[in-house]
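Dear colleague,

I am passing on the structure below, together with an account of what was found in it. Please read the text with the model open beside you.

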Amino acid sequence: MKAAVLYRPGRPLRVERRPRPRPRGEEVLVRVLGCGVCHSDVSLADGRFEAPLPLVLGHEVAGYAEGLGHVLVYASWGCGQCRFCQQGEEQLCPEAQQAGWTCDGGYAEWVRVPSTRYLVPLGDLDPVRAAPLADAGVTPYRAVRRALPWLREGTTALVVGAGGLGQFAVQYVRLLSPARVVAVERDRRKFPWVLDLGAQAVLHPREKVPRAQVVFDFVGSSATLRLALEAAEPGGLVVQVGAAGGQLPFSFDRGPAEVHLTNSVWGSLEELRDVVALARSGRLRWHVEAVPLDQANEALERVRRGRVLGRLVLVP
Ligand SMILES: [Zn+2]
Ligand SMILES: [Zn+2]
C-alpha cells in the first residue's frame, strides 16, 4: 500500500510502498478514504513531539470497514483496565496507543484498528469531509463542554485561533450555551467565515480584546497564552487546547484573581459519537480541502505556515 512515512524529524515524509497491515485477533483493517492534517502532525514531523520512528502519521481517519460501511476512527486506544478507561476516558489513559502518534496512522491507504468498537458509523456523511471530526471536531467539543459551568447567560467566551478546531468551538459555544462568543484571529481572510459561524465579533490579536469568562486558546503560543490570561475575568477559566509549545508565567501578580487554568485533550469515544450525531443532523459546518496523499509534505508545509482555511484532508 502507499503511505507517507516519517523517518527523521525535520526531513520530509517519504511517500512509499509498504506491506498492507495484517489484522490479528479482534483487529480490523480500515481502508482510508480521508485523513485530516493536524498541527500536531507538524509538531511530530518537526521533532517537537517525540514518536517511535518510522511512523505513519495521521490521527483524523475516516474510511471504509467491511460490514460497517463508512466509519470514523476513534484513534486513542486505552488499556481497558485503568480508572480512565473504566470511565470511558481512553484519551487520558497513560498506556493509550494513539494512531499516527504511538503507532501507524492514516497517512496511508489502510490503517489497523484494535477493535470495531473504535469505529463510529458515518451514515451519509462524506468520509473526506468527516475525517477532521475525529480530532478537530471532538477536541473543542470536550473543551467547551468542560467550560459550560462558566458559560452562563450574559458571559463571553473568547476563542483564540479560528482554524481547524476554532471553527468548531465557535459553533459549540453557540449550540451548547447562552454565552456570547468572540474570536481572535490573525488571518483576516477568515473573518467573514467565523462571523458566519455565529461569532458575535472577530478581532485581530492587536485589537483590544474584551474580558471573558472563558478563554479557549487553540494556538498555545506564549503570546496567545498571555493574551488568554490577561483577558480572563476573575474566577474565569483559561483552557489551553493548542500545543504550539508556548509557556505562561503564572503567579499571584500575573493574571486575575481565582482564575482557573486547564488544558483539554482530545475527547472520549462517547463525545466523538455526539459530534458525529451533531454533524449528521446538519447542525455543524466546517471547511475541508482535499489534497492527494502524495502531497503530504506540501500539506504539512501549509499547516506549518497557517495557510489553511479549516482543515486539509489527505486522500489516498
Ligand atoms: Zn490533532
Ligand atoms: Zn487505560
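The largest nonpolar core holds 101 residues, and those that touch the most other members are Val61, Leu72, Val73, Val159, Ala169 and Phe216; such a core is a set of buried Ala, Val, Leu, Ile, Met, Phe, Trp, Tyr and Cys residues joined through C-beta atoms within 7 Å. A residue is called buried if 20 or more other C-beta atoms lie within 10 Å of its own, exposed if 12 or fewer do, and partly exposed in between, with C-beta atoms placed from the backbone. Because domain 1 (2–135 + 266–315) and domain 2 (138–263) both give residues to this core, it lies between them. Ala169, leaving aside its neighbours within four places in sequence, is in contact with Pro140, Ala143, Val144, Val159, Phe216 and Phe218, where contact means that the C-beta atoms of two residues, placed from the backbone, lie within 7 Å.

Please keep in mind that this is a predicted model, in which local features need pLDDT of at least 70 and side-chain atom pairs count only at pLDDT 80 or more, while totals for chains, interfaces and linings use all residues. Residues are numbered from 1 along each chain as its sequence is written, and chains are lettered from A and ligands numbered from 1 in the order in which they are written.

As for the overall build, the protein chain has nine helices and 18 strands; helices (H or I, at least four residues) and strands (E, at least two) are DSSP runs, numbered from the N terminus. The radius of gyration, taken over C-alpha atoms, is 19 Å, close to the 20 Å that the globule rule gives for 316 residues, so the chain is as compact as a globular protein of that length; the globule rule is 2.2 Å times the number of residues to the power 0.38. The C-alpha trace spans about 55 × 40 × 35 Å along its principal axes, and 48% of the 316 residues count as buried.

Where they meet, 24 residues of domain 1 are in contact with 17 residues of domain 2. On the domain 1 side, helix H1 (39–46) and helix H8 (269–280) are the elements that give two or more residues, and H8 provides the largest share, four residues.

Turning to the strands, seven of the nine residues of strand S3 (residues 28–36) are buried. Two strands are said to pair if DSSP finds at least two bridges between them. S3 pairs in the antiparallel sense with strand S9 (residues 110–113) over four bridges, and there Val30 has Val111 as its bridge partner. Five bridges join S3 to strand S5 (residues 60–65), again antiparallel, with Ala62 as the partner of Gly34. Two bridges join S3 to strand S18 (residues 311–315), also antiparallel, and Cys35 stands opposite Leu314.

A separate description applies to an open, antiparallel sheet of three strands in the order S2-S1-S4. Strand S2 (14–17) and strand S4 (55–56) stand at its edges, each with a single partner strand, so one side of each is left without a neighbour in the sheet. Strand S1 (residues 2–6) pairs with S4 over two bridges, and Leu6 stands opposite Leu55.

In helix H7 (residues 222–231), the buried residues are Thr224, Leu225, Leu227, Ala228, Leu229 and Ala231, and they pack against strand S11 (156–160), strand S14 (212–217) and S15.

Some backbone details deserve a look. Most residues other than glycine have a negative phi, and most peptide bonds are trans. Here, a cis peptide bond with omega of about -5° joins Leu53 and Pro54, and Pro54 is found in the loop between H1 and S4. Glu258 is not a glycine, yet has a positive phi of about 55°; Glu258 counts as exposed, with 9 C-beta neighbours inside 10 Å. Trp266, likewise not a glycine, has a positive phi of about 50° and is placed in the loop between S16 and H8, where Trp266 is buried, with 23 other C-beta atoms within 10 Å.

With kind regards

Conventions: Domain bounds come from an automatic or database domain assignment.
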